Amino acid sequence: MNCGVGSTPLGGENHTNAFWRKERLEDVKSNNPDILIIFGGANDLILNPEIGTSNNLEDKNTNTFIGAYSYIIDNLLTWKPGLQIIIVSTTWAHNDGKDYSKTVTYGDFAKACELVSQYYHLPYVDLYNESGFNQYTVGDPPNNIYSEDHIHPNAVGAKVIASMISAKLIEINRMQ
């Protein structure tokens, strides 16, 4: 079941559809998943560029990306301790997000995702550094291999993402 809502951030107090909100988390819980894949960061950069710091892992300040992520994970693992959560970073996108923010990039959000995954000891899929999305594959033709609009993956880009997430699922399954 897909509980994602397009064009919404993970964190931010001013965003009524942010993933940390009670209604969104209740939607996940009502579907009672065994595995949850969280793929966030791109809309956070566009809508709320405050990433936060490692301190937000403890204080769960939902106005920051890291604090909201920590709040989400604590909430869901308290509800279902055996829930398998996989954290997926955003990909590189046009100009590394600098068109939207002068202070942070998609790479900064990928580092924040990795920090959260390390803190909670959760599997991490690093699309930003390992998918091959870059200015040579997410650009204008003929460099539009993975995206037609410089941001959203096309069918080929989606296949790359699906392959990397599938590989992580297979790796997790082998360990169980």
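Colleague: Quick one to start: is Asp74 buried, exposed or partly exposed?
Modeller: Asp74 is partly exposed, with a relative accessible area of 27%. Keep in mind that this is a predicted model.

Colleague: Thanks! Which residue does Asp74 form a salt bridge with?
Modeller: That would be Lys60, with the closest N and O atoms 2.9 Å apart. The pair links distant parts of the chain, since Asp74 sits in helix H4 and Lys60 in the loop between helix H3 (55–59) and H4, 14 residues apart.

Colleague: How many salt bridges turn up in the whole structure?
Modeller: The search finds four. One of them joins the side chains of Lys80 and Asp34, at 3.2 Å from N to O.

Colleague: What about Lys168, what does it pair with?
Modeller: Lys168 forms a salt bridge with Glu171, and their closest N and O atoms are 3.6 Å apart. Both lie in helix H7, three residues apart, which is about one turn of the helix. Lys168 counts as buried at 15%, and Glu171 as partly exposed at 40%.

Colleague: Switching to aromatics. How many pairs are there?
Modeller: There are five aromatic pairs. Among them, Phe65 and Tyr69 are edge-to-face, 5.4 Å centre to centre with 85° between the planes. They are four residues apart in helix H4 (residues 65–79), so about one helical turn separates them. Phe65 is buried at 0% relative accessible area, and Tyr69 is buried at 0% too.

Colleague: Last topic: where does Asn154 lie?
Modeller: Asn154 is in the loop between helix H6 (127–130) and helix H7 (155–175). Asn154 is buried, at 14% relative accessible area.

Colleague: What does the Asn154 side chain reach?
Modeller: The side chain reaches the backbone nitrogen of Val156 at 3.0 Å. A polar atom of that side chain also lies 3.1 Å from the backbone oxygen of Ile145. Asn154 touches Tyr146 as well, one of several contacts beyond four places in sequence.

Methods:
Residues are numbered from 1 along each chain as its sequence is written. This is a predicted model: local features need pLDDT of at least 70, side-chain atom pairs count only at pLDDT 80 or more; totals for chains, interfaces and linings use all residues. Side-chain values use heavy atoms; hydrogens and water are left out. Helices (H or I, at least four residues) and strands (E, at least two) are DSSP runs, numbered from the N terminus. Buried means under 20% relative accessible area, exposed over 50%, partly exposed in between (1.4 Å probe, protein chains only). A polar contact is a pair of N or O atoms within 3.5 Å; within protein, one must be able to donate a hydrogen and the other to accept it, and residues adjacent in sequence count only if both atoms are side-chain atoms. Contact means heavy atoms within 4.5 Å. Rings of Phe, Tyr and Trp (its six-membered ring) pair if their centres lie within 6.5 Å; planes under 30 degrees apart count as stacked, over 60 as edge-to-face and the rest as tilted.
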